[in-house]
Amino acid sequence: MDFYGFYTGKIFDAYQYLGAHTEKEGVTFRTFAPAASRVALIGEFNEWEEWEMQQVSDGNFWEIRVPGAREGMMYKYRIYSRTGSWTDHCDPFGFGMELRPNSASIIRDMNSFRFHDKEWMKSRSDCREKPLNIYEIHFGSFKKPSEEPDAWYTYEEMADILIPYLRENGYNYLEIMPLNEYPCDESWGYQSTGFFSPTSRYGTADQLKAFIDACHRNRIGVIMDFVPVHFAVDGYALANYDGTPLYEYPNSAVGVSEWGSCNFMHSRGEVRSFLQSCANYWLNEFHIDGLRMDAISRAIYWQGDPARGVNSNAVEFLQFMNEGLKTLHPSAILAAEDSTSFPKVTEPVSCGGLGFDYKWDMGWMNDTLDYFRTAPEYRSRDYHKLTFSMMYYYNDRFLLPLSHDEVVHGKATILQKMSGNYDDKFPQCRAFYMYMYAHPGKKLNFMGNEIGQLREWDEKREQDWLLLDYPIHSGFARFMKELNRLYLKHPAFWEKDYEHKGFRWIDCHQEASCVYVFERTAEKERILALFNFSEQEQSYDLKPEKNCRLKELFNSDLDIYGGKQNRNQAAVFTAEKGESISLTLLPYSGIYYFLEGPEHPV
């Protein structure tokens with residue numbers, strides 16, 4: 001390892017030196033504990049008795065070779081502070097770990113699995129000019145083998161369950177909430193104790209690799225949530241690792257996050273090297289296709305509060321890490337969960353940006369959901385909540401998220417958020433999703449949203465698949481499936497997502513009627529999107545500037561989706577220059593039309 005690079009926060013491969021590494025005969029264990037007075041190794045191979053580790057390099061690293069250790073055995077480091085007290089720690093760079101409440105690390109051979117995804121890895125991209133339709137899941141509650149809280153399918157079993165579902169339903173990327181090891185189920189993986197350890201809830205590192213390999217062989221990309229801002233307070237993990245705050249701030253004013261966890265001290269080179277190496281580890285060793293980085297606002301600003309100022313050290317860390325990851329993995333996706341207005345989040349570092357590929361558009365999400373929560377009679381007042389997103393849209397490359405955070409803790413599910421009674425919610429939700437998929441930006445939808453889930457997400461229960469036995473839910477699920485497939489098929493929805501010429505308002509001043517009309521454009525097709533978000537039927541006159549022909553492509557109100565229209569043949573309208581096309585828009589409805597004719601816009 002480049003020790004100078006480690007101390008100065010420049011390296012991305014610390015995991016190749018630190019941790020437990022299998023060899024032809026035995027295992028070599030190394031850990032970084034500069035303030036420790038002694039470090040001993042305990043494990044299955046020595047009956048959990050202390051074996052003294054030796055100081056190596058500059059004395060800050062500790063090492064021991066154990067001929068009798070082998071893959072699958074458990075171990076810990078007993079770290080003595082300078083006061084003589086000791087704590088048994090899991091390995092910060094450990095590649096496997098026990099299931100809570102146990103906390104031992106597990107030896108894993110990281111060189112035993114062979115991927116068969118060469119074609120995928122060669123052809124994948126960051127999808128800037130391609131469709132990106134992400135299905136977000138919590139791995140343990142998509143489906144469960146039984147109702148027992150600790151009953152989970154393994155990584156390999158989930159490949160047989162999840163991959164056919166994704167293909168059938170039109171999702172080309174999967175985003176998984178953190179798969180690092182974590183002790184508290186309710187943290188969903190966002191408070192980690194094993195940053196390099198795939199959670200043993202679902203199996204081993206090799207089993208996770210097999211799952212990702214199967215996804216790739218089915219043309220499905222895999223993004224994982226990564227948490228570079230904070231970590232769990234559990235004493236056996238990173239907290240006070242060598243008897244001192246090695247990874248965290250010594251001052252609780254900035255060292256404790258709003259979730260009660262420990263904030264990483266990004267000014268320390270060793271911490272930067274740890275996190276950079278971890279991000280590279282998932283991309284390199286597991287062939288993960290992208291990282292969605294959690295709580296980036298808490299790295300940009302001290303405690304996430306703009307009033308407290310920019311944390312320049314953390315910003316520099318993000319820039320260096322992102323630039324390095326994109327050099328190592330140019331086709332991998334780096335996405336930021338960031339709700340702030342901090343500039344240039346998705347600009348290259350060379351241009352002063354943070355170097356992310358995408359930024360979650362939290363403003364779009366909040367404004368749009370607020371609009372649909374509002375009773376129809378007040379939507380005229382809030383009309384421009386749906387136009388505001390395009391005022392700032394080109395400032396960054398945005399991704400439109402409807403994530404797990406929007407369906408928990410009293411927030412209600414996406415379907416429940418729609419205004420009105422049970423029957424009114426479904427047509428509104430269909431129109432809402434048509435608006436989302438026509439709006440510029442890549443897409444993300446959390447599991448259960450696509451079947452009209454009515455119960456808030458609970459990590460201990462699987463999704464309510466029994467809802468599909470009810471016609472109104474099965475119709476909604478069919479609608480979502482066909483909308484997803486439509487999105488993947490038609491370049492107008494994604495080819496020019498981040499170019500001004502890819503989107504144009506046709507009419508965004510129908511405040512009284514709550515009608516919206518806009519056009520999406522690709523090199524070889526144009527699609528017109530019309531929406532009526534009022535509870536009244538509306539007549540709308542479309543006035544083309546030149547001859548044109550409209551052919552209906554998709555309609556949210558068809559009876560096969562639970563709507564009222566029975567149409568066996570798509571509607572077609574033609575008009576010459578100066579003529580109007582009179583369109584009838586039913587309540588809570590959306591319609592896509594192919595726009596055929598001269599290149600001159602409507």
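This is a predicted model: local features need pLDDT of at least 70, side-chain atom pairs count only at pLDDT 80 or more; totals for chains, interfaces and linings use all residues.

Mentor: Residues are numbered from 1 along each chain as its sequence is written, and side-chain values use heavy atoms, with hydrogens and water left out.

Trainee: Where does α3 bend?
Mentor: The bend at a residue is the angle between axes fitted to the seven residues ending there and the seven starting there. In α3 that angle is about 30°, and the proline Pro164 follows within four residues of the bend, which sits at Ile161.

Trainee: Which elements are among those that cover the buried residues of α3?
Mentor: Buried means under 20% relative accessible area, exposed over 50%, and partly exposed in between, with a 1.4 Å probe and protein chains only. In α3 the buried residues include Tyr155, Met158, Leu162 and Leu166. Going by contact (heavy atoms within 4.5 Å), the cover includes β10, β11, β13, α4 and α13.

Trainee: How many of the five residues of β10 are buried?
Mentor: Asn133, Tyr135 and Ile137 point one way from β10, while Ile134 and Glu136 point the other way. Both sets are buried, so the count, which rests on the under 20% cut-off, is five of five.

Trainee: Which strand holds the bridge partner of Glu136?
Mentor: Two strands pair if DSSP finds at least two bridges between them. β10 pairs in the parallel sense with β21 over four bridges, and Asn133 stands opposite Lys443 there. Four bridges also join β10 to another parallel strand, where Glu136 has Glu175 as its partner, and that strand is β11.

Trainee: What hand does the unit of β10, α3 and β11 have?
Mentor: Point the strands away from you and follow the path from the first strand over the helix to the second; clockwise means right-handed. The β-α-β unit of β10, α3 and β11 is right-handed.

Trainee: Is Phe286 buried or exposed?
Mentor: Phe286 lies in the loop between α6 and β17. Not counting residues up to four places away in sequence, Phe286 touches residues including Met110, Phe115, Pro198 and Tyr281. Its relative accessibility is 0%, so Phe286 counts as buried.

Trainee: Which strands stand at the edges of the open sheet of six strands?
Mentor: The order is β22-β23-β24-β29-β26-β27, with antiparallel pairing. Each edge strand has a single partner, so one side of each is left without a neighbour in the sheet; the two are β22 and β27.

Trainee: What angle does the direction of α13 make with that of β26?
Mentor: β26 and β29 run antiparallel and are joined by six bridges, with Leu550 opposite Leu595. α13 packs on the sheet and touches both strands. Axes are lines fitted to C-alpha atoms, for helices over the stretch in contact, and angles run from 0 to 180 degrees between N-to-C directions. For α13 and β26 the angle is about 135°.
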